[in-house]
Amino acid sequence: MRSLKLGLAGYFGKSQSSLFDGLDETDKFAVATADSSQVDIAMIGFDARYNRRGLELRGQYIFADLGNTDQYNAFTGNDLGGALQGYYVEAGYNVLSFFDKKSDQLVPFVRYENYNTHQKTDGGLEKNDAYNVSEITTGIGWRIGNGAVLKADVQFIKTAAADKARKQFNMGVGVWF
């Protein structure tokens with residue numbers, strides 16, 4: 001199916017920490033301190049895109065499992081969750097496709113997304129609903145040439161902890177090559 005593109009990606013490793021630079025590995029306190037400054041990361045992502053006759057559909061799902069967050073949070077005073085999760089689905093339609101002009105594209109779109117950086121918490125850390133965010137974005141993109149777009153949208157952003165959504169207006173220029 002030429003109109004469908006699927007992607008799968010993963011990352012497995014650790015975050016960087018400058019505390020390991022020039023570390024004397026015989027100094028147990030320095031090693032324990034440096035270990036507390038790192039986070040283990042296991043992340044997987046899935047991406048799907050479908051384009052046909054002006055219709056544009058896309059979506060993505062990401063999950064990350066983090067390790068050593070108890071020690072990291074105690075060392076830094078942060079509240080990093082033990083697992084993160086996020087996804088979005090988007091639909092758009094090139095309204096100029098009726099005129100059969102391949103170079104001109106004017107695409108109204110709507111997107112729903114949710115991301116939760118406290119999907120799971122470790123070590124007695126309470127889940128913070130302010131980190132569970134849902135967004136609805138609606139807008140329009142005008143592709144002014146190969147690799148350039150002007151975009152405007154309105155976002156309705158709501159956390160699980162909030163009573164109502166806040167609104168945000170965005171405008172931008174995108175260039176890719």
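These are my notebook entries on a predicted model of one protein chain.

**Ground rules**

I number residues from 1 along each chain as its sequence is written, and my side-chain values use heavy atoms, with hydrogens and water left out. As the model is a predicted one, local features need pLDDT of at least 70 and side-chain atom pairs count only at pLDDT 80 or more, while totals for chains, interfaces and linings use all residues.

**Confidence**

I checked pLDDT (the predictor's confidence in each residue, from 0 to 100) before anything else. The protein chain averages 90, and 96% of the residues score at least 70. Going element by element, I found the lowest mean pLDDT, 72, in helix α1 (residues 28-36), and the highest, 97, in β4.

**Inventory and overall size**

I counted 2 helices and 8 strands in the protein chain; helices (H or I, at least four residues) and strands (E, at least two) are DSSP runs, numbered from the N terminus. Along the sequence I read the pattern β-α-β-β-α-β-β-β-β-β.

I then looked up the radius of gyration, taken over C-alpha atoms, with 2.2 Å times the number of residues to the power 0.38 as the globule rule. The chain has 21 Å, whereas a compact globule of 177 residues would have a value near 16 Å. I also noted the box that the C-alpha atoms fill along the principal axes: roughly 70 × 40 × 30 Å.

**The sheet**

In what order do the 8 strands sit in the sheet? I got β1-β2-β3-β4-β5-β6-β7-β8, in an open sheet with antiparallel pairing; two strands pair if DSSP finds at least two bridges between them. The edge strands are β1 (4-14) and β8 (166-175), each of which pairs on one side only. I noted an average twist of 15 degrees from one strand to the next, with axes as lines fitted to C-alpha atoms (for helices over the stretch in contact) and angles running from 0 to 180 degrees between N-to-C directions.

- β4 and β5 run antiparallel with 9 bridges, and I found Gly-92 opposite Phe-109 in β5.
- β5 and β6 run antiparallel with 12 bridges; Gln-105 has Arg-143 in β6 as its bridge partner.
- β6 and β7 are antiparallel too, joined by 12 bridges, and Ser-134 stands opposite Lys-158 in β7.
- β7 and β8 pair in the antiparallel sense over 10 bridges; here I saw Ala-148 opposite Val-175 and Leu-150 partnered with Val-173.

I looked at two hairpins as well. The one of β6 and β7 has 2 residues between the strands, and Gly-147 takes a positive phi near 90 degrees there. The one from β7 to β8 goes through 6 residues.

**The second largest pocket**

I used a 1 Å grid over the protein atoms alone: a pocket is an open set of points where a 1.4 Å probe fits, with protein on both sides within 12 Å along at least five of seven lines, and lining residues have an atom within 4 Å of a point. Grid points are joined across faces, edges and corners, and a volume is the space filled by probe spheres set on the points.

The second largest pocket holds about 290 Å³. Of its 14 lining residues, I listed Arg-58, Glu-90, Arg-143, Val-149 and Lys-151 as the closest to the centre. Two or more lining residues come from each of β3 (55-67), β4 (83-93), β5 (105-120), β6 (132-145) and β7 (148-159). β5 gives the largest share, 3 residues.

How do the lining residues divide by type? I got 5 nonpolar, 2 polar and 7 charged, where Ala, Val, Leu, Ile, Met, Phe, Trp, Tyr, Cys and Pro count as nonpolar, Asp, Glu, Lys and Arg as charged, and the others, Gly among them, as polar.
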